[in-house]
Amino acid sequence: MQFHHHGYVSGEPRVQPAAGVGIGRPDELPDEVDVLIVGTGPAGMIAAAQLSQFPDVTTRIIDRRPGRLEIGQADGIQARSVETFQAFGFANRIIEEAYRITEMCFWRPDPDDPSRIVRGDRPKDDPHGISEFPHLIVNQARVLDYFAEFMADAPTRMKPDYGYEFRGLEVGEGEYPVAVTLTRTAGAQVGQERVVRAKYVVGADGAHSGVRQSIGCTMQGDQAFHAWGVMDVLAVTDFPDIRTKCAIQSHTGGSILHIPREGGHLFRMYVDLGEVNPDDHGAVRNTTIEQIIAKANEILHPYTLDVRHVAWHSVYEVGHRVTDRFDDVPPAEVGTRTPRVFIAGDACHTHSAKAGQGMNVSMQDGFNIGWKLGYVLSGRSPESLLATYTAERQVIAQNLIDFDKEWSTLMAKKPEEFADPAELADFYVRTAEFPAGFMTQYPPSMLVAEATHQDLATGFPIGKRFKSAPVVRVGDANPVHLGHHHRADGRWRIYAFADAAAPGQASAVADWAAWMAGAPDSPVVTHTTAGADLDSLFDVKVVYQQRHVDVDVTRAPDLFRPRTGPFQLVDYEKVYAVDPEQDIFDLRGIDRAGCVVVVRPDQYVAAVLPLDATAEIAAFFRQHLLVPAPQPVA
């Protein structure tokens, strides 16, 4: 963590100085805002957290609840999400309090006595080493708390506005074209209606989204006509794997997906309630907690479950649906206008909870739209950037629906319907990259370059998230993970992987750095606001092929040692060397002639280019970044 560059800091360094709209921020919801986010679930909160880093953008997030969520429905945190939490500065803290999944046990009927269940396969949770981050279980409410803390400590001093229910919206003309009607649900003004005008609206208001309905988006998909009871409980049991994630299949009683929870005692069970008659009309949702517990005991035989306390329970029917679009632009108008209203999370995709993807995919929706709105509203990018949200996220949602259909169908199958008893475990291992959150790959667009030079860094697939690797920071000789310093501050990351020469010697990376820092057509010179720090928009780092003891940090080009803050202090944390035991050039298939890897603010690889492809990198950024207006002379 870096601080003191604006002066000595004696308190909590995570609290950033208030700036822009954060200075004198009004407690009451204003009549006009730049962005109004509806819903304080995972998608809404991460979007708000990202926007809180844009000091000149007025963002407010509302919820009909009177206060913070106390018990969340979601609890599975995939490795990609923990990687995202690292960018928001709370990965280590949430890892400490969460339950960590390291393996999964598959139970099935005993071939010698099918009335009893026995343990079968026991695969590791991440058998292929997909990520250095763990797979966690923690209450959704705690995730939201951490995002709320990040927002409150941000320059904009953002906090949720509770007690407002969305009633409808209309998109018109003018500077604040979206008129949103709200009703107070808490406080002295309960029942009162008011209108807030916004430049943009993000609907993160759940599966029954009013924002989705107001812009005419329709859910498309089907229902599986299969019901599950879910319960978070404290219990006494003789089941030996009660603190291990399990998929449990009985002979006649159905299945259980068992998930231990944080704290050492709580656990969740998804209990199979069987097929539902299409004419059921929701009657299965009246299943009592006592019936769910009885069903669980039937499946667990010969083991027993003595439930002492129920923290939460529910009954749901599996449905797989995704909206026809993620914004307010109908198909006939695509290309003729830019979106003003967006939907994210459960508002645009619903599925079973079996793969633990709901909260995880929703957060990536919010991360995606958050930085894009920040760029447009702060004048960094044209409005056309916003059309990439639906283009990128709708495909991902459909992939999720397809995967969940297969996984939930397998979970609901009877043991005798499997050709091989190990089929469920094999599927779990074979598809591990998808539920871990690392299959997402955005196609070429104004934000993602063609894979023309992919061979220069085969381990950084263009369109996929930047997969970190160990390096050594030269300035302090600390071994670190390169990607772990990617903060959710709205900046682009540009990683220059040097050719064989060391700093101070003539080299391709030195020529590239000189061009980036001084050429009129370089992205740094073209798109950085006059008078701002050199790294205010682009965080440019270099990785040399030498060991750190053979790299003189003072001889690295000035681009990699930028001056920062009012005292123009030197930043010594952008020059890296290889870890001799885990050489990043070998780990990620990086050409020894060097290359440049460009990473978006939301951690996805946008381009891989040769060090001499200066015209290409300049053209890439001109597609989606504006030239800032000249600053007025004081």
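What follows starts with the core and then moves out to its surroundings and the salt bridges.

A: First, the ground rules. This is a predicted model, in which local features need pLDDT of at least 70 and side-chain atom pairs count only at pLDDT 80 or more, while totals for chains, interfaces and linings use all residues. Residues are numbered from 1 along each chain as its sequence is written, and side-chain values use heavy atoms, with hydrogens and water left out.

Now the core itself. By nonpolar core I mean a set of buried Ala, Val, Leu, Ile, Met, Phe, Trp, Tyr and Cys residues joined through side-chain atoms within 4.5 Å; buried is under 20% relative accessible area, exposed is over 50%, and partly exposed is in between (1.4 Å probe, protein chains only). The largest one has 143 residues, and Trp492, Phe497, Trp512, Phe560 and Val597 touch the most other members. Helix 7 (residues 358–377) gives the largest share of this core, 8 residues. (Helices, H or I with at least four residues, and strands, E with at least two, are DSSP runs numbered from the N terminus.) The core lies between domain 1 (20–89 + 138–220 + 321–431) and domain 3 (454–623), because both give residues to it. Those bounds come from an automatic or database domain assignment.

Zoom in on Phe497. Skipping its neighbours within four places in sequence, Phe497 is in contact (heavy atoms within 4.5 Å) with Phe460, Leu482, Val543, Ile584, Phe585, Ile590, Gly594, Cys595, Val597 and Leu611. There's also a second, separate core, with 22 residues, including Cys246, Met269, Ile289 and Ile292.

Helix 7 turns up again around helix 4 (residues 140–152): the buried residues of helix 4 are covered by parts that include helix 7, helix 1 (42–51) and helix 2 (79–87). Those buried residues are Gln140, Ala141, Val143, Leu144, Asp145, Tyr146, Phe147, Phe150 and Met151. Helix 4 has 13 residues and reaches 19 Å from its first C-alpha to its last, close to the 18 Å expected at 1.5 Å a residue; that expectation is 1.5 Å times one less than the number of residues.

A salt bridge is a side-chain nitrogen of Lys or Arg within 4 Å of a carboxyl oxygen of Asp or Glu, and the count comes to 46. Asp539 forms one with Arg493, closest N and O atoms 3.1 Å apart. The pair links distant parts of the chain, Asp539 in strand 22 (residues 538–544) and Arg493 in strand 21 (residues 492–497), 46 residues apart. Both Asp539 and Arg493 are buried. They also belong to a salt-bridge network with Asp489, Arg491, Asp535, Lys541, Asp571 and Lys574.

Elsewhere, Glu175 and Lys199 meet in a salt bridge at 3.8 Å, N to O. Glu175 counts as exposed at 54% relative accessibility, whereas Lys199 counts as buried at 17%.
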